[in-house]
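I opened the file to go through confidence, packing and charged side chains. My entries follow in the order I looked things up.

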Amino acid sequence: MTSSELVPAAGTGRATAVRRRAEPDIVSPAGDRISASAARKLTDAVPRSSRNARASRWRSYVDWCTTYDWAKDEPNAVLSYLSDLGDRGHPASTIEAHFSTLRAMRAIQGELLSDKEVKACQLVIRHRAGEEADDPLVEPGPLQADAVTLDELRLMVRTLDRATVRGKRDAAVLLIAWWMAARASEPARLNLHDAKIRIVQIEDEDGRKSSHQALIIKIRRSKADQAARGQEVRILAPADQELCPIHALREWFDVLADDSQLTPGPLLRRIDRHGNIGAKAAGRQPKDHRRRGGITADTVNDIIKAAAGAAELTITPSPEERAAAAQARREAFAAAEVAPTAEEANAVLKAWRTARRAARAAARRITGHSFRRGWIQQALAAGNPPETVALHSRHSLSSTAFDAYRRKKVPWKENPTRFLGLAA
């Protein structure tokens, strides 16, 4: 009898009473039973990067409990662990992320933190934020990607050889990502039919209509749209062809057509060092077989960082500088390992992290998120209403994330000190 055949229930004699599953059911940490299919969907509903980050934080907590002889479910274990993270020099934002993960994991395991513990943990996080604010050696707050302006985008695009297959692909990546204010994962997930070039009619103030090229991009799912309702981004072609995402996309379509790959599948495709495109390219394929031949968010990040370095917008550490940084890390952890007390070990690690953070804050950081920040800030600076900008960037106006992108500074021409009669 195969696993899909019906099994009679006891005492019924009917063959429709019980159906055996090929995969056994799962028992959760709290003791609840759930089907393997449902468990898999619950897992896959959380982005892989988030799952990996949460697993790493939980392992760190478990290791800490083992080292300092705490039970994972012991009262105030999470509180003490978070306090130790601060003593080792981790920023408040990191501690807050650990707290969120541990609180959720404890709840899943039926070991909820008490209200008293939750409030105490929040006070520890607040204390660490205050320490950061008072530290003259470190700029407080999380390290964020620097914005890339339109002029800097031009410099980055000019580093590409747009006569080559790779240059055409990378130009499409850069220009589409910047104009759609994209997260790095969004261009990587696009399919060929998600990007459509259209001619649209725009009416001016005098009522006259004119035709313009437009790019309509369908984002099927994103970080802010886990329910996969879908969002649409509309981009009008800029007059400058060098910075036009539609021109870059047409060139990339020509590449795909010449290689007989203008077919359903990922829009932006892998290219190996031999010039092979898509599924024909050598190297490791994406984990999702449906994305075979497509690029990943890491590829988008790599293209942006490489172009920023080539345009000299960022400084690439020399081999000697990388070796010195690695040596400093090894020495710090070695000194912490032989320190006579946990407090002295934490002090050593905190000093190393503070110095490393100060060095990182002093250098410009351009990542995939630099394009998103750059477009939003440039659009706001051009006088566009925040609600229009937020609609394009797929934000809620009340979103703290959108608020963080906005420059909360009064323009110099509107600066109130200018009107006191003393400005030169």
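I count a residue as buried when its relative accessible area is under 20%, and as exposed when that area is over 50%. By that cut-off R88 is buried, and D84 is buried too. I checked how R88 and D84 interact: they form a salt bridge, with the closest N and O atoms 3.8 Å apart.

**Confidence.** This is a predicted model, so I looked up pLDDT before going on. The mean for the protein is 87, and 89% of the residues reach 70 or more. I found the highest mean, 97, in helix α7 (residues 165-179), and the lowest, 47, in strand β1 (residues 6-7). Over residues 1-7 pLDDT stays under 50, though the model has 17 contacts for them beyond four places in sequence. Where pLDDT is low, predicted coordinates should not be read in detail.

**Overall.** I noted 15 helices and seven strands. Of the 424 residues, 34% count as buried. Among contacts with a separation of 6 or more, 55% join residues 24 or more positions apart.

**Cores.** I looked up the largest nonpolar core and found 58 residues in it. Those with the most contacts inside this core are L153, M156, L174, I217, L267 and F371. Helix α7 gives the most to it, with nine residues. A second, separate core has 18 residues, including L79, L82, I95 and F99. I then listed the partners of M156, leaving out residues up to four places away in sequence: V148, L174, I304, A307, A308, A311, L313 and F371.

**Salt bridges.** My search of the whole structure gave 20. R154, R158, D240 and E242 are linked in a network of them. D25 and R33 meet at 2.5 Å, N to O. Of these two, R33 is exposed at 66% relative accessible area, whereas D25 is partly exposed at 29%. R208 and D206 meet at 3.0 Å, N to O. R208 is exposed at 54%, and D206 is exposed at 59%.

**D272.** Which side chain of opposite charge is nearest to D272, and how far away is it? I found R166, at 6.0 Å. Because a salt bridge needs nitrogen and oxygen within 4 Å, D272, although buried, has none. The residue is found in the loop between α9 (245-258) and α10 (297-310). Its side chain reaches the backbone nitrogen of H274 at 2.9 Å. Leaving aside neighbours within four places in sequence, I listed R166, K280, A281 and A282 as the contacts of D272.

Key:
Residues are numbered from 1 along each chain as its sequence is written. This is a predicted model: local features need pLDDT of at least 70, side-chain atom pairs count only at pLDDT 80 or more; totals for chains, interfaces and linings use all residues. Side-chain values use heavy atoms; hydrogens and water are left out. pLDDT is the predictor's confidence in each residue, from 0 to 100. Helices (H or I, at least four residues) and strands (E, at least two) are DSSP runs, numbered from the N terminus. Contact means heavy atoms within 4.5 Å. Buried means under 20% relative accessible area, exposed over 50%, partly exposed in between (1.4 Å probe, protein chains only). Lys and Arg count as positive and Asp and Glu as negative; His and the chain ends are not counted. A polar contact is a pair of N or O atoms within 3.5 Å; within protein, one must be able to donate a hydrogen and the other to accept it, and residues adjacent in sequence count only if both atoms are side-chain atoms. A nonpolar core is a set of buried Ala, Val, Leu, Ile, Met, Phe, Trp, Tyr and Cys residues joined through side-chain atoms within 4.5 Å.
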